Amino acid sequence: MKRLAQKTLTLAAVVTAAAGTVVLPAAGAHADRQLPCYKVAAVCMWTEPSGGGEQRLLFREGAIIRPAVRSAQNQTFETWCFYEQPFYAGYRRREIQSHETVYDFGFTAYSARPGNCY
């Protein structure tokens, strides 16, 4: 009985140690953390970086996005382009690949459409 208790405690210690082990990505590696969004074929957008602020869903192009957005998660199978001005204008723009998450555009986006940025 005493031997069984020792084996049980040893096994419990091994399991606890294994459960506490965390594998971290190597320095410089980026784990694409998903932001909280409905599981639909749309682009989830937020008014603040890192999924903060008001959340919006984009199903088709938006010549004017109000309120403007700072972060997005593309849950579609196509590339999207976000622009710093309404009607797909401005010098700054950012492509988001299929299933990519952008935590901060580096600018406020006022329009977006499917396809590559030109």
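Contacts between residues 24 or more positions apart make up 55% of those in the protein with a separation of 6 or more. The model behind these numbers is a predicted one. Its secondary structure amounts to 1 helix and 7 strands, laid out along the sequence as α-β-β-β-β-β-β-β. Of the 118 residues, 31% are buried. The accessible surface is about 7700 Å², and carbon and sulfur atoms hold 59% of that.

Now for the sheet. It is an open one, built from 4 strands in the order β2-β1-β3-β6 with antiparallel pairing. The edges go to β2 (52-58) and β6 (101-102); each has a single partner strand, so one side of each has no neighbour in the sheet. Strand β1, residues 43-48, runs antiparallel to β2, and the two are joined over 5 bridges. In this part of the sheet, methionine 45 sits opposite arginine 56 of β2.

Serine 71 is worth a look of its own. This residue belongs to strand β3, which covers residues 71-74. A polar atom of the serine 71 side chain lies 2.7 Å from the backbone oxygen of glutamate 48. Leaving aside residues up to four places away in sequence, serine 71 touches Cys44, Met45, Trp46, Glu48, Pro49, Ser50 and Gly51, along with Val102, Tyr103, Asp104 and Phe105.

Notes
Residues are numbered from 1 along each chain as its sequence is written. This is a predicted model: local features need pLDDT of at least 70, side-chain atom pairs count only at pLDDT 80 or more; totals for chains, interfaces and linings use all residues. Side-chain values use heavy atoms; hydrogens and water are left out. A polar contact is a pair of N or O atoms within 3.5 Å; within protein, one must be able to donate a hydrogen and the other to accept it, and residues adjacent in sequence count only if both atoms are side-chain atoms. Contact means heavy atoms within 4.5 Å. Two strands pair if DSSP finds at least two bridges between them. Buried means under 20% relative accessible area, exposed over 50%, partly exposed in between (1.4 Å probe, protein chains only). Accessible areas come from the Shrake-Rupley method with a 1.4 Å probe; for residues, only the protein chains shown count as cover.
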